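Subject: Structure handover

Hi,

Here is the structure I promised to pass on. Please open it alongside this note.

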Amino acid sequence: MSATAFAVRPTSTRQLAGTGVLLRFALRRDRVMIPLWVGVNALMVLSMPNTLKGLYGTPAERADLIGQMATNSSLRAMVGPVFGDSLGALTAWRVGVYAGALAAVAGLLVVVRHTRDEEESGRQEMVASGMVGRRASLTAALLAAAVANGALALLVTAGLAGQGAAGALAFGLGIAGVGMVFATTAAIVAQLTESARLARGLTAAVLGAAFVLRAAGDSATDDGSSALTWASPLGWLTNLRAFAGERWWVLGLLVGAALVQGAVAYALADRRDLGMSFLPSRPGPAAGRLGSTGALAWRLQRGSVLGWSIGFLLAGLVYGGMADGAADLLGDNEGAREIFERMGGESGLTDAFLAAMAGMLGLVAALYVVASVLRLHGEETSGRAEPVLAGSVGRLRWAAGHLAVAFGGSALLMLLAGAGLALGHGERTGAILGACLVQVPAVWVIGGVAVLLYGVAPGAAMGAWGVAGAVLLIGWVGPALDMPRAVLDLSPFGHLPKLPGGEMAWAPVLVLTVLAVALVAAGLAGLRRRDLST
């Protein structure tokens, strides 16, 4: 296409020039991440009807569940209210909030990666120098998020159609709608901030606030009518009432919010220079507290550590307070007891619940350690590592600062989670702290895999997210599906002792710790020998 032909195009068309090419490129780059996130989310949703059928197979059991949820505010805060007794309605109740949250995380990661990440690395400037419209990159990023959420909606709708076509369609569209709302939120934040890391963190904070608002609202009422519930997109998904007299108009809220936020993102993008932001980063001192690589790594990641720490402490408090309520809810339901025992060990139901929650928080901590380790990859590809390494700082010393924050931070998260669980439960502080800290070696193994991929094959470093996602899938869905022991053992978390309630076994803890050290050492050896990315 000639420059003359490009120039005579209408303004709106010129601004979108190259969108198709950038979209194909984005989907190619995310050919692992998008299918993984979509697959994990869809499998979590589609596995639930059979699981619930085994747990609540009779009308009496379902009626008892609904009655218990009406009086159990702590569990409503966790999963929301129940609006019907069909398997479809129970599926929407049990996994709706979490499926929406996972779709939101996928949306924000995709959009930030293909907008602010590209600008921060300098690649967007090179792309923009060609015949690419001003709005093409943002449009391609949003379309990539739409492809991911559209695929998820199709899978959920098709997989749950047997429970009711209308409910399946509403539920699939609702989850996708939540994903797009937070994708457009990320698009706005990407214009406001100068750092991709900060853009991801702020959008994740908005998602966390939405979860807290929904939880507070649902704990106050048993019908989703609280103003706090309606203030959250996750609450909109709950109030869509899939499989229980669908409120189709609620989808309009999700569509409207996504369109309005998208328009705001475009307006902001049109009013700033490439690489700039409305909230520029404040330059920091080059000496004093930043006189070492460790101090620099801490300065770069302290906001992330603080945000994750607050989240883990609050999650621990909530789950700890729910422990006794979970035992009351399950009552004599043997199927539910068996699932919790597979997750938390064959002990008292309260102990099994606490062990299961400690394991779940450990799985989430694995996401933190991957994100923190891959900060090394971001520093390298953006060119910020070169000025540091051009001086007297060696590669291992530079990497050690970030790894100390990553691995030390993950241990801190589990310590805070244990403190929260103990405070919420009000009993056996030492045993609960031990249950959380015993998860740390498994978390470190996932971090070690991330270090190995980054050091040996930096082009495949993002594959660490795939490993973390697979482990998350095994840990969350495996016990409910009663997966074979051989599958569960693929996760390092499957080898840990189930505390509190079970017996402490030091051998697997030591083996996992040694494995983590070996993976980190191999990754650092690879980093020391290879060329830096250009």
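Which residue's side chain meets that of D117 in a salt bridge? The partner is R200, at 2.8 Å from N to O. Bear in mind that this is a predicted model.

The D117–R200 pair links distant parts of the chain. D117 sits in helix 9 (residues 116–121), R200 in helix 13 (residues 196–220), and 83 residues separate them. R200 counts as partly exposed, because its relative accessibility is 27%.

**Overall picture**

The protein chain has 534 residues, and 51% of them are buried. Its secondary structure is 27 helices and zero strands. Take contacts between residues at least 6 apart in sequence: 76% of them join residues at least 24 apart. The chain exposes about 21900 Å², with carbon and sulfur atoms supplying 65% of that area.

**Other salt bridges**

The whole structure holds seven salt bridges. One of them joins the side chains of R113 and D30, at 2.3 Å from N to O. R113 is in helix 8, while D30 is in the loop between helix 3 (19–29) and helix 4 (33–46). Both R113 and D30 are buried.

Another salt bridge pairs R530 with E380, at 2.9 Å from N to O. R530 lies in the segment after helix 27 (506–529) and E380 in helix 20 (residues 375–381), so the pair ties together parts 150 residues apart in sequence. R530 counts as buried, because its relative accessibility is 12%. E380 counts as buried too, at 2%.

**The core**

The largest nonpolar core has 146 residues. F171, I175 and F493 have the most contacts inside it. Helix 8 (residues 87–113) gives this core its largest share, 18 residues.

**The surface patch**

L306, I310, L313, L314, L317 and L423 make a nonpolar surface patch of about 540 Å². Helix 17 (residues 293–330) gives the most to the patch, with five residues. L314 is in helix 17. L314 counts as partly exposed, because its relative accessibility is 46%.

**Helix 22**

Helix 22 (residues 395–425) has 31 residues. At 1.5 Å a residue it should span 45 Å, and its end C-alpha atoms are 45 Å apart, so the two agree. Just after helix 22, G426 takes a positive phi of about 80°.

Best wishes

Technical notes: Residues are numbered from 1 along each chain as its sequence is written. This is a predicted model: local features need pLDDT of at least 70, side-chain atom pairs count only at pLDDT 80 or more; totals for chains, interfaces and linings use all residues. Side-chain values use heavy atoms; hydrogens and water are left out. Patches are made of residues with over 30% relative accessible area and no salt bridge: like charges are joined within 9 Å, nonpolar side chains (Val, Leu, Ile, Met, Phe, Trp, Tyr) within 5 Å. Accessible areas come from the Shrake-Rupley method with a 1.4 Å probe; for residues, only the protein chains shown count as cover. A salt bridge is a side-chain nitrogen of Lys or Arg within 4 Å of a carboxyl oxygen of Asp or Glu. Helices (H or I, at least four residues) and strands (E, at least two) are DSSP runs, numbered from the N terminus. Buried means under 20% relative accessible area, exposed over 50%, partly exposed in between (1.4 Å probe, protein chains only). The expected span of a helix is 1.5 Å times one less than its number of residues. A nonpolar core is a set of buried Ala, Val, Leu, Ile, Met, Phe, Trp, Tyr and Cys residues joined through side-chain atoms within 4.5 Å. Contact means heavy atoms within 4.5 Å.
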